[in-house]
Amino acid sequence: MRISIANVQAPFVKGGAEYLADSLAQKLEERGHQVACVRIPFKWYPPQTILEHVLACRMLRIQSGNPDLVIALKFPAYVLPFAHKKVWLLHQFRQAYELWGTPHQGIPNTPEGRRIRDMIMQADNVYLREAKEIYTNSRIVARRLQHYNGIGVNGVLYPPLLRPEIYRCADFGDYFFYPSRLNSIKRQALAIEAMRFVKSGFRLVLAGKADQELYLDDLRTLVKQHKLEDRVTLLGWISEQEKADLMANCYAALYIPYDEDSYGYVTLEAFHSAKPVITLSDSGGTDEVIENGVNGLILPPTAEALAAGMEELWSARQRTVHMGQAAQATLERHNIRWDHILERLVA
Amino acid sequence: MKIAWFTPLNRRSAIGQYSACILEELVRTEQVVVYVSDTDQVDACWPVDAELAFLSKIEPAQLSHLLSGYDCVVYNMGNHHGYHGSIYEASLKHPGIVILHDVVLQHFFGGYFLELQRDWDAYIRHMAYAHGPEGEQLAKLIRAGRERAVWDGSAAVQYHMAKLAVRRKYGVIVHSDFAKRQLEPITAAPVRKINFPEPRMSKWFPRRPFARRTTPEDKIHVLTFGMVNRNKMVDLVIETIGGSELLRNHVIYTVIGVIEAGEYSKTIAEVIRKHDLGSCVRLLGPQPDEVLIESLLTTDFAVNLRYPYLGESSWSLLEALFAGKPTIVWRHGYYDEFPDNVVKKVASKDELLSALTELCRNSEARLAMAEEAWSYARKHFDTKQYCRQLLDFIECARLNRPILDLVDHMSDCLLEMPANSESAELVETLEREICRLAAID
Amino acid sequence: MRIVVASTYVPFRKGGELTVVHHLAAALSARAYQVETVLVPLDSQRPAIMEETLAIRSLDLTESSGNKIDLLITLRTPAHAIRHPNKVAWCCQHHRRPGFDVCYLPEARRIYATSKAVAKRLKQSSDIDVHGVVYPCLFQPERFHSADFGDYFLYVSRLYPCKRQALAIQAMKYVRSPFRLVLAGQAEPAAYAAELQRLVRLLDLEDRVQLLGWVSEGEKATLLANACAALYLPTDADSCGYATLEAFQARKPVITLADSGGPTEVIEDAFNGLIVEPQAEALAAAMEKLWAAKMKAALMGRNAFDTIRLHNIGWERVLEALVA
């Protein structure tokens with residue numbers, strides 16, 4: 001089949017959606033399909049520009065090249081008109097929905113702003129309904145779609161890892177592992193704080209590139225301040241293979257962002273490595289796949305609680321191993337594998 | 001709200017006075033900057049308690065940048081091309097709300113294109129835009145000298161240029177139902193009628209209507225005031241007085257205001273002479289405010305005729321009503337929108353004669369109408385109410401701005417591209433898609 | 001400096017229009033600019049170009065996520081419609097009639113054409129003066145080299161009627177000497193390859209003409225290295241074509257036709273190639289000529305290589321024009 005993946009492009013910014021589109025393209029090609037990743041540039045400020053881009057998308061020709069199927073991922077790419085269109089919704093234009101009424105609203109609360117917001121919702125109401133099928137990448141995105149637009153979905157397709165085969169379980173070593181971009185939303189600082197309250201001999205290993213140099217400095221200062229140099233390791237950027245190796249040998253993984261929609265690739269990496277994942281009650285979408293006490297822990301968002309959680313796991317090795325096995329089974333239970341995705345999208 | 005208010009503001013401008021009245025109230029609750037179009041001398045302006053910006057001193061590029069900082073830009077458009085030229089130009093570049101003081105605007109556009117720009121082609125193009133091939137043809141004939149200029153005759157209303165004044169506007173305010181009816185078919189923007197605010201002059205009026213009780217021997221004072229153009233029919237009034245024994249003997253007819261130079265001046269002089277009315281018709285010309293107010297308060301009734309009707313709303317009528325004076329008007333347009341017991345409506349020479357006679361003879365009738373006029377004016381023309389309605393309208397109109405801006409953006413792009421056979425289909429596509437986004441069926 | 005290279009394209013098509021986009025982006029990256037490519041899908045079948053131009057005109061590429069985009073380079077109609085205060089258009093026009101974005105070209109700070117032919121057409125149809133002609137150039141030209149002047153003439157190009165592979169096949173009917181014709185390239189549409197194969201069979205040339213289909217870059221370089229000469233026979237092409245440049249880089253002369261357009265701007269008869277009348281016999285004669293005088297072919301090949309320098313074809317020139 002010829003498949004066009006319709007995505008949105010903000011030049012010079014690469015995020016999760018780009019990674020997902022590329023992964024999907026690769027997996028489809030492995031199955032013998034011809035794939036084109038079509039990216040439409042999108043600028044969302046000033047707010048009037050949003051409307052112009054939506055209208056532009058209605059006039060662009062995604063049928064160019066004669067694809068048999070178009071899979072659209074984000075706003076406003078999913079407004080592109082095409083008879084055989086499916087949507088794998090990563091997220092709508094959040095500023096008009098759950099971010100409205102918060103400091104991250106983006107669109108001013110003026111009559112014009114409110115009308116623009118209405119029109120964005122209207123666009124979703126009309127053009128999402130054009131799709132033959134709609135899937136989302138998480139239950140929360142599906143819930144929002146139902147709540148704000150009255151649109152039901154055909155299912156939830158959790159994005160799998162691109163190369164799950166490099167992740168495996170080798171040992172339950174003496175460190176908790178948290179690999180992720182370093183920024184305030186991911187809350188590596190909180191993990192470091194937690195180590196202050198830890199009595200047992202385990203360590204914390206953080207890895208990842210900092211979004212801003214300043215944050216990395218802050219983390220280093222924090223470690224020094226609490227004299228945790230021998231308990232906390234800051235690795236900086238590591239390769240995919242290095243990450244897989246570290247995950248294979250860690251005791252358990254941490255994924256503790258603040259209020260994120262998705263459960264994160266870290267969670268998947270840990271599950272593939274048969275390791276339980278510690279998350280916090282305000283981390284957002286992690287609770288869609290992590291069950292407290294079954295395949296991980298969901299803790300109150302404080303340093304002390306986090307420390308206590310880590311200690312709890314550390315003191316019960318057998319249980320931890322069990323939870324790791326359950327974690328691996330979670331992948332199957334939620335069908336987090338590419339053949340499932342492809343089956344639904346390409347059927 | 002931050003509002004940019006475009007207006008002429010010099011003391012000879014009625015719209016200037018109108019703006020001054022409104023601004024006095026508006027600045028209490030909103031941040032207003034007044035963009036003055038007809039002068040750069042503060043002393044020549046009506047006093048307002050707001051920051052003044054003088055358009056003659058601002059570069060166009062700078063203006064665009066300045067205007068983007070306001071929540072709403074309000075443009076006052078009237079018929080005087082000297083006063084409104086810079087407002088019109090600004091309004092084409094930056095979308096806003098227009099307060100249309102005149103629906104016909106033939107003097108404005110004629111003057112703007114032919115005297116200011118000296119560009120007949122532009123005038124013809126704009127007549128084509130407003131009135132299609134017929135308008136284009138007429139404009140060409142006017143240029144060739146084979147037709148009278150449109151602003152001179154009764155064709156003026158038929159070829160009104162309001163469509164030009166509402167381009168790029170996401171809201172239109174008018175002051176009469178007549179004007180509203182003219183505007184609604186020619187703009188996608190919402191049109192609202194808002195009654196005039198209270199005229200400044202009313203500050204000097206007493207707290208109760210003052211109408212004299214007269215004896216049969218008394219002279220009856222009749223007043224006409226304002227810009228005395230041909231369509232005010234002053235000559236007809238004088239003619240009617242001259243032709244009636246009763247009126248000749250009892251009426252003192254005062255006319256205050258500039259009389260249109262040339263032919264009309266002569267006509268009036270002629271009719272006065274013809275009927276030998278030198279002693280009972282007093283043409284005072286322009287007078288300072290105090291004199292006008294005094295005359296208005298002491299007059300027994302007023303005459304405020306317009307024929308042919310050119311779509312305007314009359315500020316001077318309002319002043320007469322606030323002063324509690326019965327006023328004779330022609331039965332059409334804005335004037336016909338007042339109740340029959342508030343103004344005396346006539347539609348022919350004969351009716352004018354009987355109205356003049358009636359009001360002359362019947363002081364009870366005058367008293368009654370004076371009371372009605374007084375209350376009606378105060379009930380329906382209130383500056384606070386005006387501002388409330390204005391702000392409410394702005395709020396509603398702003399809701400439409402994103403759609404209208406989107407339409408403008410697309411049509412601007414289409415204008416840049418060479419149109420061809422594809423265009424019609426594309427316009428349909430755009431219409432369909434924009435309606436969907438706007439949830440319009 | 002943040003640069004966006006924008007063009008239109010037809011998804012799923014290999015090579016061609018995307019080549020120059022990716023190569024330009026690579027050349028810019030190599031010089032430490034931050035580069036992004038923006039590719040807008042364009043429907044080649046339904047000619048609703050006005051609608052697409054309107055859509056493209058509505059895209060905003062002045063900034064992205066708060067970061068200013070310093071330079072926009074547009075390559076194909078109607079990408080020239082994209083708004084940007086610092087836009088440079090490098091027109092590789094492939095449509096006969098001017099696109100709807102021609103009215104936006106004057107917005108560009110500088111306008112270049114990929115050939116004199118394109119420059120001329122812009123002037124004639126839309127009264128647009130270009131700032132100069134900037135020829136396209138090869139990505140990693142060092143991949144091409146000369147090894148031998150072998151026993152075949154090579155024509156690498158998409159198999160398409162206007163590229164006149166059929167004429168080359170017909171010419172082989174008039175050839176006496178024992179050389180072959182090798183055609184490489186993907187057919188468009190796919191059925192065209194079968195049609196050409198049928199022609200070969202019809203003319204009884206199965207042992208003289210080879211249709212290789214799509215070849216990789218490496219295979220192409222090897223084929224060129226050992227060819228006697230290259231053929232490039234488009235009909236009134238806009239640009240001189242990568243085929244011409246690749247042959248030049250590989251020090252091989254190029255045979256083209258008098259009405260081929262773009263290639264005739266850089267091919268000089270008897271200097272670095274041969275220009276002949278668009279007839280099968282004339283083409284056959286040209287091939288025979290080169291075959292008979294291999295030394296001459298080699299000499300012309302050296303001149304062909306020099307031509308690149310003579311016309312200032314290279315990334316330095318491109319970048320200097322587009323970015324300076």
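Mentor: Domain bounds come from an automatic or database domain assignment. Please also bear in mind that this is a predicted model.

Trainee: How far apart do the C-alpha centres of domain 1 and domain 2 of chain A lie?

Mentor: The assignment divides chain A into domain 1, residues 2-157, and domain 2, residues 164-333. Between the C-alpha centres of these two domains of chain A the distance is 31 Å.

Trainee: Which helix of chain A gives the largest share of the side of domain 1 that touches domain 2?

Mentor: In chain A, six residues of domain 1 are in contact with four residues of domain 2. The domain 1 side divides into two nonpolar, three polar and one charged residue. Its largest share, three residues, comes from residues 139-149 of chain A, that is, helix α4.

Trainee: Why is chain C described as being as compact as a globular protein of its length?

Mentor: Chain C contains 10 helices and 14 strands. For its 324 residues the globule rule gives 20 Å, and chain C is as compact as a globular protein of that length because its radius of gyration is close to this, at 20 Å.

Trainee: What percentage of the residues in chain C is buried?

Mentor: A residue counts as buried if 20 or more other C-beta atoms lie within 10 Å of its own. Of the 324 residues in chain C, the buried ones make up 50%.

Trainee: How many residues of the side of chain C that touches chain B are nonpolar?

Mentor: Eight residues of chain C are in contact with 10 residues of chain B. On the chain C side, two residues are charged, one is polar, and the nonpolar residues number five.

Technical notes. Residues are numbered from 1 along each chain as its sequence is written. Chains are lettered from A and ligands numbered from 1 in the order in which they are written. This is a predicted model: local features need pLDDT of at least 70, side-chain atom pairs count only at pLDDT 80 or more; totals for chains, interfaces and linings use all residues. Helices (H or I, at least four residues) and strands (E, at least two) are DSSP runs, numbered from the N terminus. The radius of gyration is taken over C-alpha atoms; the globule rule is 2.2 Å times the number of residues to the power 0.38. A residue is buried if 20 or more other C-beta atoms lie within 10 Å of its own, exposed if 12 or fewer, and partly exposed in between; C-beta atoms are placed from the backbone. Two residues are in contact if their C-beta atoms, placed from the backbone, lie within 7 Å. Ala, Val, Leu, Ile, Met, Phe, Trp, Tyr, Cys and Pro count as nonpolar, Asp, Glu, Lys and Arg as charged, and the others, Gly among them, as polar.
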